[in-house]
Amino acid sequence: MLVDTKTRYGTVTRFLHWLMTVGFMWMLFTATVHFIDRDSALNEAVWRFHPLVGFTMLMLGVIRIIWLLSQRARRPDNNFNVRLGHFSLYVLMVLTPTLAFMRAYGSGRGFSYFGLQIFAPRDDKVEFWVDLANQWHSVFGWLLFLFIIGHVLMAFYHRSKGPEHNVFPRIIGRSSR
Ligand code: HEM
Ligand code: HEM
């Protein structure tokens with residue numbers, strides 16, 4: 001089933017969830033390599049894919065929010081804490097790349113996505129976006145990874161409490177309920 005129901009997330013939600021999980025693993029890997037030693041050969045090889053995959057995450061995140069809004073009434077019910085956790089993930093997953101994207105605009109250096117020019121290089125700089133992202137992009141990025149770890153731990157914790165608490169069948173495999 002493409003759309004969500006009260007017992008399970010549908011194919012579109014599942015596809016976006018797992019595709020973006022792979023994307024965020026890549027973002028965590030590249031951010032960690034960059035954090036450890038930005039002069040290393042490994043960083044040299046992988047860092048250019050941080051903005052590219054990050055921008056892809058931004059576009060997928062926007063699509064995911066539009067999809068979420070269209071499915072809100074059909075989705076499986078969750079308590080307030082779970083909803084707050086998911087909401088925080090949504091905010092961070094869009095805010096983090098948006099800040100970096102606006103910094104790319106503000107820097108005047110231009111930004112290309114797989115050869116497609118999104119911003120042309122310009123002479124003027126918009127300090128506001130550069131300063132804002134310099135201050136917050138990496139903070140929100142690390143916070144996002146922390147929240148993801150918390151989300152995964154909570155999912156396994158619920159599963160450990162017994163089959164009636166297991167929410168995995170909602171997002172992967174067959175739903176028995
Ligand atoms: C969901 C997407 C993203 C996540 C989770 C993320 C996460 C991070 C993290 C955790 C760091 C800190 C690495 C360090 O301490 O060395 C970082 C740095 C950086 N990111 Fe991203 N990023 C994302 C998207 C983007 C995008 C779209 C761009 C470019 C348009 C970008 C450009 C940069 C740059 C230039 C740095 C180094 C400067 C800084 O620390 O702010 N990122 N990112
Ligand atoms: C191995 C990694 C992951 C596991 C095992 C996992 C597990 C789950 C499970 C079991 C659910 C169903 C929970 C329910 O609604 O009752 C779920 C939903 C959800 N997960 Fe994950 N997750 C992972 C990665 C991620 C990542 C990387 C993000 C986002 C940054 C994320 C964000 C969400 C959100 C927002 C939902 C609610 C459905 C939606 O709007 O897509 N998850 N996840």
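Student: In what order do the elements of the chain run from the N terminus on?

Tutor: Helices (H or I, at least four residues) and strands (E, at least two) are DSSP runs, numbered from the N terminus. Here the order is α-α-α-α-β-β-α-α, which gives six helices and two strands in the chain. This is a predicted model, in which local features need pLDDT of at least 70 and side-chain atom pairs count only at pLDDT 80 or more, while totals for chains, interfaces and linings use all residues. Residues are numbered from 1 along each chain as its sequence is written, and chains are lettered from A and ligands numbered from 1 in the order in which they are written.

Student: What box do the C-alpha atoms of the chain fill?

Tutor: Taken along the principal axes, the box is roughly 60 × 35 × 30 Å.

Student: How do I read helix packing, and at what angle do α4 and α5 pack?

Tutor: Axes are lines fitted to C-alpha atoms, for helices over the stretch in contact, and angles run from 0 to 180 degrees between N-to-C directions. Angles under 35 degrees count as roughly parallel, over 145 as roughly antiparallel, 65 to 115 as roughly perpendicular and the rest as oblique. For α4 and α5 the angle is about 150 degrees, with the axes 8 Å apart. That makes α4 roughly antiparallel to α5. By class, their contact has 18 nonpolar, eight polar and one charged residues.

Student: How are those classes set?

Tutor: Ala, Val, Leu, Ile, Met, Phe, Trp, Tyr, Cys and Pro count as nonpolar, Asp, Glu, Lys and Arg as charged, and the others, Gly among them, as polar.

Student: At what angle do the axes of α1 and α3 cross?

Tutor: They cross at roughly 150 degrees and come within 10 Å. α1 and α3 are therefore roughly antiparallel to each other. The contact of α1 with α3 has 13 nonpolar, eight polar and one charged residues.

Student: Which residues meet there?

Tutor: Two residues are in contact if their C-beta atoms, placed from the backbone, lie within 7 Å. Residues of α1 including L16, M20 and W26 meet residues of α3, among them V53, M57 and W67.

Student: Which residues come nearest to ligand 1?

Tutor: A residue is near a molecule if its C-beta atom, placed from the backbone, lies within 6 Å of it. Of the 22 residues around ligand 1, the nearest are P51, G54, A100, S138 and G141. Two or more residues of this shell come from each of α1 (11-36), α3 (49-71), α4 (80-107) and α5 (127-160). By class, the shell around ligand 1 has 14 nonpolar, eight polar and no charged residues.

Student: How many residues surround ligand 2?

Tutor: There are 21, and T21, H86, A155, V167 and I171 are the closest. α1, α4, α5 and α6 (168-171) each supply at least two, and α1 gives the most, with five residues. By class, the shell around ligand 2 has 14 nonpolar, six polar and one charged residues.

Student: Does E44 count as buried or exposed?

Tutor: A residue is buried if 20 or more other C-beta atoms lie within 10 Å of its own, exposed if 12 or fewer, and partly exposed in between. E44, found in helix α2 (residues 41-46), has 11 C-beta neighbours inside 10 Å and so counts as exposed. Buried residues make up 15% of the 177 residues in the chain.
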